[in-house]
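Dear colleague,

Please find the structure below, handed over for your records. My findings follow directly after it.

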Amino acid sequence: MLEQQRGKLWLVVAAAGYGKTTALRRLFPGPTVRWQRECDVDALLRGELAELAAGATQLVLDGLPAMSERTEQALLHAIAGLPDGVRLALSSRWPVGCAASSWLTRMVPAQLRPAELSLTTDQVDEVLHTEYGLTAPALAQRVHEITAGWPALVRLVAETLVAEGVPAGPLLPAVTEPGGLVTGYLAEEVLGPLPEDVRRLLHEVADLAPVTAGVCAVVGHPAAGPHLGRLLRTGLLTRVGTDPDTGPRVVPVIAAVAGHDRPPVTRGTLLRAATWYRDHGPARAAAFTFRLGGDDAALAAVLDEHGDRMIAAGRPGAIAELVTTLPAPLRTRRLRLLAGDALRTAGDVAAAARAYQEVAAAEPRWQPGIAWRMGLIHYLRGDQPRALADFARGDEAPGCPTDQAMLLAWTAAATARSGDAAAGVAHAWRAYHRAAETGRDSALATAHVSLALCLGLTGDQVGGEEHYRLALGIAERTGDLVLLARILVNQSYHLVEQARYPAALAAAQQAAGHAEAAGHANLYAMAAGTEADMLAMLGRYDDAATRYAQVLARHQRMGSRRCADTYLGLAELHLMRGWREQARAAFVEAVRLADDSDSRKLAVRAHAGLARVLLPDDTVAAARHAAEATRLASDDLRVPALLAQGWVALAGGDAAHTARLAGEALDLARSGGLRAGLARALELRAAAEIDPGRARAALREAYAIWADASAVGDAARTALALSRLPGATADDRFAALLATERLAAGGGSIDQEETPPDQPADGQPSHGVGRVGVLVRALGRFEVRVAGAAVPPSAWQSRRARDLLRILVVRRGRPVPRGELCELLWPDDDPSRTGHRLSVLLSIVRGVLDPDRVFASDHYLVTDAASVALDVTHLRVDVMEFLGAVTHGRRLLDRGAQAEARTILAAAVRDYRADVFSDEPYADWASALREQARAAYVAALRMLADAHRSAGNSDAAVDCLLRLLEKDPYDEPAHRMLVRTLVAGGQHGGRSPATARRCARSEYGRRTRSS
């Protein structure tokens, strides 16, 4: 029986106000759940539990009281005796299962703990903004810090701030004053029921972290161990992040209220705790507690010995503050540099530079330790020339070997980033050998990272990955969060260049997490920027936009010139969404920032991107920016510059020069392992090709790269280009449809109507191989669009010219005898007179489809002495695409490709706007195609409904079936499927209002009402 209960029991334990009941309502929705609140355990054991469970499948016991070990054991046996299939949830403010040690092990419940019930910082921000209208900068973070996301306390703090205003100073004292909302709630609901010794414990360890049994013992609570477990399980103690140095600790608002009406913790108690931390760890806790106890000499000693590791573990801003609060005589050179390192890590590069300059000003010559730190400030801002100048000032100076290794490693990175990767590799190997001599993990890992970066830029991807792996091993072994973040940031860049976007996203997210935990603002912004880039490449556009906004805010607060990189990403995102003006504005800002930063890589990308977005409107300006990108580009940065030049040349009609530029870009991308650059160069080659076969081969290879990289927007663009080539197959068209549907689902956009001219008659295209630029709409009202614009009625000159094209569309490329055409168009006229009229109409139709007379006369209309045919390979006909899509959807279903079939069929159903030539409902020549398309539409709805049912989406299936019944009210199989779908979806009689209204309009509704 206990094994049968596995996975069917939920346990929710947390203090008052954590939202236990709300969480259970999400887990156990619906009216069929039996709830028992404020449970009387004795009554449950006397038989009430069995009565509640009788005939029930879901039972919630909400509000269990504290229980003794014997009572818990009895409850265990009662639960074990419940009928099979009962899903049970227990909630309590008291730790359930602690007294009976085997309880949790035997029952294996799914648990919701305070950590899962707490709000994240983003959720706190949403509550403050949407429910209370509080929008002060960083307020959500401040509220989260003092409440740990405790839901009820977040709202009580918000109510206090609404009533009294947001304080300019510390938030905690302002919201925990005696008599306030927070204090009253905690005193009555949380602290009041606790024993006196537990409340005193909370007060006396309020400023200590981590709170352990050992430190509790030295401050006067030797028996605190069991209490700590209960406090942690109920959420009064909380763990902050993953760093053991920061948790568990008392939730700050609890600590503040627990100290009301109690004497302050004595200095002796704090110093005993600090000494215990110094002897047992963590050093960070010792430093902060020595500061609280007022022992500056002991604090300085801890910082001197452990400061570097403390910065690497996180919260660097707090470390800098510890140093600055020391008396001047205790702030040694070592500690002043430590303060600069902490400020730099926290992202305050200006303050870090001032701290380093203070040390440098007192020394006649820069030692390597000063030089690499000063240069690193400029490196992190993307200013490689100034970074290299500062690094050079310490190149020949004496210094400790560790600082010399660090100087060489950072010189290598800056040299490679400036475009000389080979020289960077030489510096990196020198750094590695010097670091190996020192045996210092930090220097050796930094050397490995620089080697990996430089080798990757020279094309040695295997060597680069090996050194990243070695550096990562050091970082994981030492627990250096900053180093972990930096390695993962560099790895993500490497993966981006290889077009391994899902892996790059994972690495960037890991890096952002480590950088956030470490408090390294600059690394966090870099990682989050790459994360945003990858979200955009993978088609998650809303997520990417949110991430870019966050990154931009971070960079701007730091005054970092890496804002240019973020604006570049935003510009590309806007392009993917079809927002060209916003893309142009973002590229302009990126160019301005990149030019100011002296970063050639950013400047090349920015100018090349601006050239691309300007090209449709201002070819002169586009050419100017493409030329600037070329001027700035070194060998490893030339691919985007060459591509920009190529598109400018193509727009100017120079296909031969475009092909040469595409070939050069292909060579560079191939040798550098730049798969994304390779795909873009293949697209440029295809655009410049005269031979459709070679263009198709290039585009298919580019599509394969983008599809393998999961690049949704690029894959859709390439697939669409393939589908528009002359001679495109049905598979090409359906691949384009699937790709563009996936793009649209994420909010992306490709203008499918905007097409350049097709291939001219002389075989020398001005823009390479043309794409189909004519669309004939037969579903609904007849319409012809040429190059995206609807043909005006005046262009036809004659109604019969439109009828001629419609008849040819109905025949779908099959030749129609001239005599039959004359009979259909002029049924009452003499056939000897209508032959000439037909020739006139053919000339009019050719002029409509090819107004500029660029193509040969048989490009669209193939004629001979006996017949006329429409060449459907050179234009698009919507009804033919619709019929092909339905057939393809059926094939996909037969192959078991349910998801792809749903996409194809849904698009086909959406495109069926009305019956064929609905503006000519009585034309006999259209009846066969009209009936075929109508039957295909009904079949598509039926298949789509069945596919939605198989996927568990009953609402979508019902919608398809109701649309089917509107088309054919007497379709008995559809009626039966609709009833089965409604029953399977639990809509026996409680349909949604929208569904009910549509059912009422259908024959199904009439039949069910009459029965």
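Helices α39 and α40 run roughly antiparallel to each other, because their axes cross at roughly 160° (an angle over 145 degrees counts as roughly antiparallel, under 35 as roughly parallel, 65 to 115 as roughly perpendicular and the rest as oblique). Helix α39 covers residues 692-708 and helix α40 residues 712-723, and their axes come within 9 Å. Axes here are lines fitted to C-alpha atoms, for helices over the stretch in contact, with angles running from 0 to 180 degrees between N-to-C directions. The contact (heavy atoms within 4.5 Å) is made on the α39 side by Arg696, Leu699, Arg700, Ala702, Tyr703, Trp706 and Ala707. On the α40 side, Asp714, Ala715, Arg717, Thr718, Ala719, Ala721 and Leu722 take part.

The model is predicted: local features need pLDDT of at least 70, side-chain atom pairs count only at pLDDT 80 or more, and totals for chains, interfaces and linings use all residues. Residues are numbered from 1 along each chain as its sequence is written, and side-chain values use heavy atoms, with hydrogens and water left out.

For the protein as a whole, the secondary structure comes to 51 helices and 14 strands; helices (H or I, at least four residues) and strands (E, at least two) are DSSP runs, numbered from the N terminus. Of the 1011 residues, 52% are buried (under 20% relative accessible area with a 1.4 Å probe, protein chains only; exposed is over 50%, and partly exposed lies in between). Among contacts between residues at least 6 apart in sequence, 64% join residues at least 24 apart.

Four strands form an open sheet in the order β10-β9-β8-β14, with mixed pairing (two strands pair if DSSP finds at least two bridges between them). Strands β10 (789-790) and β14 (876-877) stand at the edges with a single partner strand each, so one side of each is left without a neighbour in the sheet. Strand β9 (residues 783-786) pairs with β10 in the antiparallel sense over two bridges, and Val786 has Ala789 of β10 as its bridge partner.

Finally, Leu139 lies in helix α8 (residues 139-147) and is buried, with a relative accessible area of 2%. Apart from its neighbours within four places in sequence, Leu139 is in contact with Leu128, Leu134, Leu161, Val166 and Leu171. The C-alpha atoms of Leu139 and Thr121 are separated by 9.7 Å, the two residues being 18 apart along the chain.

With kind regards
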